[in-house]
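Please read it with the sequence and the model in view.

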Amino acid sequence: MIIQCQNVQKYHGAQLVLSDITFDIRQGEKIGLIGRNGCGKTTLFHLLNGQERPDQGQISIRKGSVIGQLSQIQEASGNETVYNVLQRSFAEPLQWQSRLRELELEMSLLDAGKDEECLNKLLKEYGSLQDRFESAGGYEIESSIQRIAAGLGIGTGQYDRVFASLSGGEKTKVGLAELLLRNPDVLLLDEPTNHLDMNAIEWLEQFLQDYEGTVLAISHDRYFLDAVVKKVIEIEDGEAITYHTNYSGYQTEKEVRLIQQFEDFKEQQKKIKQMKETIKRLIEWGNRADNPKFHKRAAAMQKALDRMVKVKKPIMERKSMDLQLEQNDRSGNQALILDQVGKSYGNRCLFQQATEILRYGEATALIGGNGAGKSTLLRIILGQEAPDIGNCTLGSRAVVGYLAQEAVPESNGHSVLRYFREEAGLEEGEARGQLARFLFFGSDVFKAITNLSGGEWTRLRFAILMHRRPNLLILDEPTNHLDIDSREALEEALEEFPGTVLAVSHDRYFINRLFHKIWTIDEGRFGVFEGNYEYYKEKLAEKVMAASTLQEQKPQRILTNRSTSSQPAWEKDIAEAEKQIEGIDAMMLDPRMSNDAIGLTELQQQRDTVQEKLDQLYAGWLSATESAVE
């Protein structure tokens, strides 16, 4: 056992946030901590890492255990670079390394004959320090940083950037890498998949599955929870309920538990009613007969009733965001037309030859790595940016409703109610009624929008979007910051929506449920794929496997005795070699390879061999071309 919580209670001011939290966590367990926004999950993290203390109850953590938590606000001093932040985990070994360099310099300046005693002293310190450096994995520092940074999508080109200049999402990603490099006994992760693209999420899932320590993750990413956790702790009404399963199993078990609890509640209520009626009759009989025995029996039964542990009436269906998406009028059959659209920034091509028609009623997901150009394509569609080449046209009668990835406004003095009224053009009574559908009750409507959480801000913008009744929804990461109940409400609303949907998302559960066409942007190429995310991944894996098989079965071609008349053969061989390199690169980027050092080395050797062959082919082709010209 590494963590035990017994009857933990915590207040924030006069508000009881956690009323009775009891659970156990064993060494090496992978646990998902779930619950609605505001239920106390983050407060529990603060209790576990020692930032706060419980008002009642006890938290026991195994002595000597190191707990690491990803801070919500990442900080760095002065001009500290990304690489400096990544090196934080190795501060002590790096100090030893620096001292080793100093010792090497000192020893090189000594005269071995004259300074033997001093040399022996330095050699002794050097040997001791070198042993400690090696035991601490000092020689693997560089490779460890490279492996984890690359897995999370932090390229070497970012290493020299000043950390303070990064966006919030980039800072969080670097902070996560630094935390994983620290290798603590207990990892506390708060929404770890936010700000990561799909490749990075899949890499993180594999990393956490193989992690020897304990993982406790607050997450609303259902696909991530299914892939990583074997235990779910749900915080509900201030209490903790434990399920020994992944998220899909939790859904099933919770439904069974609620039904059983409701049956137990009804049975107990029936018994309580009978006992109360009996007590009432005994008192009446005692009064009529003036017999104290009846009163004693009634008092004894009342004591038994008072001591009875009451079964709480379960809430079978909790209130969730009431999102009902409707349109004023439908668009034409072609809601959006992309015709050879291309966009570059400087020498970098984001995408080219993007050609596709989004038809009325279709639901399409746009996926790709961070920085691939997804948001740029959305801005082109919205007319906020012009393509370098090609055309983007909205269909006839298309009315766009756009949900951007925007942060809460910093300061405009508006309350939720005032902001909503101005955006929707409603009277106060009607506006408050609409806001209640999005879980803004009572005094919530007077909260300043600058103080809203990410989830509250997203719900408010959906309330405005619903009021505008568009027929073409363009959504940029719509499930970010929403809890699971709100995500499910959004999914149900989109299933019922008759219009057209284009969504950028890395929420694989969301994509699998709603979308049957996928647009991809990958390494400057725009692609279209029919099917959901699971089918897309299956076909992508088949492509990688085919490339691997081709590499294994391809006979070595003899590159000599070619005549100038065989120039097309050169070009064919060059194309095949380039395809082999693409296949090997795809395999090396596969998250399952991230911890396979031997496999990665073998793939790199294969790539070097093919690259050498490709260089020879280019040389031969160039020679043949020059001969033909002569």
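The numbered points below go from the whole chain to single residues.

1. Overall make-up. The model is predicted. The chain has 630 residues, and 44% of them count as buried. Its secondary structure comes to 19 helices and 18 strands. Where contacts link residues at least 6 apart in sequence, 68% of them join residues at least 24 apart.

2. Nonpolar cores. The largest nonpolar core contains 53 residues, and Leu86, Leu152, Leu180 and Leu208 have the most contacts inside it. Another core, of 45 residues, lies apart from the largest one and includes Leu417, Phe462, Leu475 and Ala503. As general background, nonpolar side chains in soluble globular proteins tend to be buried together.

3. Surroundings of Leu208. Which residues does Leu208 touch, not counting residues up to four places away in sequence? They are Lys30, Leu187, Leu189, Val215, Phe224 and Val228.

4. Second largest pocket. This pocket holds about 390 Å³ of space. Its lining is made of 19 residues, and those nearest the centre are Arg147, Leu180, Asn183, Phe207 and Tyr211. Leu180 is also one of the residues with the most contacts inside the largest nonpolar core. At least two lining residues come from each of α5 (141-151), α6 (168-182) and α7 (198-210). The most is given by α5, with 3 residues.

5. Helix α1. Is helix α1 (residues 41-48) mostly covered or mostly exposed? The helix is mostly covered, since 6 of its 8 residues are buried. The buried residues are Lys41, Thr43, Leu44, Phe45, Leu47 and Leu48. After α1 comes Gly50, which has a positive phi near 85°.

6. Most residues other than glycine have a negative phi. Gln340 has a positive phi, near 55°, and is found in strand β10 (residues 334-345). With a relative accessible area of 37%, Gln340 lies between the 20% and 50% limits and is therefore partly exposed. Arg469 also has a positive phi, of about 50°, although it is not a glycine. The loop between α14 (454-468) and β15 (472-476) holds Arg469. The relative accessible area of Arg469 is 30%, so this residue is partly exposed as well.

7. Cysteines. How many disulfides does the structure hold? The number is 0. Cys39 is buried because its relative accessibility is 14%, under the 20% limit. Cys118, by contrast, is partly exposed, with a relative accessible area of 38%.

8. Asn480. This residue is found in the loop between β15 and α15 (484-496). Its relative accessibility is 8%, so Asn480 counts as buried. Asn480 touches Asn194, Gln405, Thr458, Arg487 and His506, when residues up to four places away in sequence are not counted. Asn480 and His220 are 260 residues apart in sequence, while the distance between their C-alpha atoms is 8.9 Å.

9. Gln56. Strand β4 (residues 56-61) is the place of Gln56. Neighbours within four places in sequence aside, Gln56 is in contact with Asn7, Val8 and Gln9. Between Gln56 and Leu18 there are 9.9 Å in space, C-alpha to C-alpha, and the two are 38 residues apart in sequence.

10. Asp24. Strand β2 (residues 15-25) contains Asp24. The relative accessibility of Asp24 is 32%, so it counts as partly exposed. Leaving aside neighbours within four places in sequence, the contacts of Asp24 are Met1, Ile3, Gln4, Gln6, Glu29 and Lys231. One of these contacts, Gln6, is 18 residues from Asp24 in sequence and 8.6 Å from it in space, C-alpha to C-alpha.

Note on methods
Residues are numbered from 1 along each chain as its sequence is written. This is a predicted model: local features need pLDDT of at least 70, side-chain atom pairs count only at pLDDT 80 or more; totals for chains, interfaces and linings use all residues. Side-chain values use heavy atoms; hydrogens and water are left out. On a 1 Å grid over the protein atoms alone, a cavity is a set of points where a 1.4 Å probe fits but cannot get out, and a pocket is an open set with protein on both sides within 12 Å along at least five of seven lines; lining residues have an atom within 4 Å of a point. Grid points are joined across faces, edges and corners, and a volume is the space filled by probe spheres set on the points. Helices (H or I, at least four residues) and strands (E, at least two) are DSSP runs, numbered from the N terminus. Buried means under 20% relative accessible area, exposed over 50%, partly exposed in between (1.4 Å probe, protein chains only). A nonpolar core is a set of buried Ala, Val, Leu, Ile, Met, Phe, Trp, Tyr and Cys residues joined through side-chain atoms within 4.5 Å. Contact means heavy atoms within 4.5 Å. A disulfide is a pair of cysteine sulfur atoms within 2.5 Å.
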